Amino acid sequence: MKLFSFRPLIRDMVGELLYKTGLTKPAQEGNHYFTIVTFHRVLPENQLKSYPLAEIAVTPEELTWFIKVLVTYFICGPLAENLARWQNGEVTKRPLLAITFDDGQLDNFLHAKPILEAAGIRASFFVVVNSVEFNEMLWPDRLAYALSRSFEQDIKTTYQRLNQLGIATTAATSHQLILNVVEQAKTLTSTQRSGWLSLLEDAVGGPVCPTWDGMMSWKQLQELVQSGHEIGSHSMSHPILPQCSEDQLINEVNQSRQILQARLAIPVESFCYPNGNYDARTLTALQQAGYRQAVTTQWGPNKWGTSLFTLRRCDIQSQHSRSRTGHLSVSRLTWRLSRFHPPVH
Ligand SMILES: [Zn+2]
């Protein structure tokens, strides 16, 4: 039986027991492991209600709690800096940890930056160059917003549209269906995905996005740099890299690095695989482009000696750190960040 299928009470008990015995206290491992945490969006409660992919968002209050706990147990910092310290075998009071934010959404600047700075820590932000340049939402958000609007307008017609596109519509709720469609879209080629997106956006009267949503600008990224945060590349257009032609791959990897370096006057050393997808060809392209490390979406802390181009991370979602009473729980979070947690897919 798998641990993650246990009921909440059992999960709470296991988390508490591991914590009390000291097994999941981060200090136990010292710097034998290097932990990288991932956040995406940071949205206030009222915005979260109208965001269709709410699972990948935390509220500013939740982020404050996570940062407070992480700072208590780890020395937190940007990826390139703390990874180099770990690689150099530095002996530290608490284990080293890197904090990363994916996708470069405006909410990172508005809500995460002040919280990080109040806690006196710096982080890494992975940005998509075309999205910065054109203030263009990423395709998973556009798809989710368009579908959400379509459901608001007419449920029956939305199901017909999805059937026309050959999309399986068996899901318990419209929210679950939106999540399923975004997952299915990841298996398409970029041309097919654009086709789905155009069809759904046209059907609801064009691209949909609440007025509060958007991407960080070059000016905002410069402010992050001035505050000591790291900016890494998350490609030019957030494609599934193994699907790219040779020319596209070089463009996504090399050009994104060159543009970020030129616009922000910083070295860009870290890359984040869009959707976590990579293959041998992608790894070679990254190394040739001059990156020093890259992060995936594979779960877990990194063992000593691991490849720096396939670094694992721990994705932080508030629902996974809540106890059965609904409160954020230190023992649940530290268990989840530890090597004792069952694999998360
Ligand atoms: Zn991404």
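How many salt bridges does the rule find across the interface of domain 1 and domain 2?

Analyst: The rule finds one salt bridge across the interface of domain 1 and domain 2, a salt bridge being a side-chain nitrogen of Lys or Arg within 4 Å of a carboxyl oxygen of Asp or Glu. This is a predicted model, in which local features need pLDDT of at least 70 and side-chain atom pairs count only at pLDDT 80 or more, while totals for chains, interfaces and linings use all residues. Residues are numbered from 1 along each chain as its sequence is written, and side-chain values use heavy atoms, with hydrogens and water left out.

Asp 141 and Arg 41 form a salt bridge, with 3.2 Å between the closest N and O atoms. Both residues belong to a salt-bridge network that also links Asp 107 and Asp 213.

The domain bounds, which come from an automatic or database domain assignment, are 3-134 + 217-337 for domain 1 and 139-203 for domain 2. Taken over C-alpha atoms, the centres of the two domains are 28 Å apart. Contact (heavy atoms within 4.5 Å) involves eleven residues of domain 1 and 16 residues of domain 2. The area buried between the domains is about 1000 Å², and carbon and sulfur atoms give 51% of it; buried area here is the accessible area (1.4 Å probe) that two parts lose on being put together, summed over both. On the side of domain 1, Pro 52, Leu 53 and Gln 243 lose the most area to domain 2, together 47% of what that side buries.

Eight residue pairs, both residues at pLDDT 80 or more, are in polar contact between the domains. A polar contact is a pair of N or O atoms within 3.5 Å; within protein, one must be able to donate a hydrogen and the other to accept it, and residues adjacent in sequence count only if both atoms are side-chain atoms.

Arg 122 lies in the loop between helix H5 (106-118) and strand S6 (124-127) and Glu 81 in helix H4, so the pair ties together parts 41 residues apart in sequence. Helices (H or I, at least four residues) and strands (E, at least two) are DSSP runs, numbered from the N terminus. Arg 122 is partly exposed at 28% relative accessibility, as is Glu 81 at 34%; buried means under 20% relative accessible area, exposed over 50%, and partly exposed in between (1.4 Å probe, protein chains only).

In H4 itself, Leu 79, Ala 80, Asn 82, Leu 83 and Trp 86 are buried. Leu 79 and Ala 80 are among the residues in contact with Ser 270, leaving aside its neighbours within four places in sequence. Ser 270, in strand S8 (residues 270-272), is buried with a relative accessible area of 0%, and its side chain makes a polar contact of 2.6 Å with the side chain of Glu 230.

Glu 269 meets Arg 292 in a salt bridge (3.9 Å, N to O). Glu 269 is in the loop between H12 and S8 and Arg 292 in the loop between helix H13 (280-289) and strand S9 (293-299), so this pair ties together parts 23 residues apart in sequence. Glu 269 is partly exposed at 23%, whereas Arg 292 counts as exposed at 51%.
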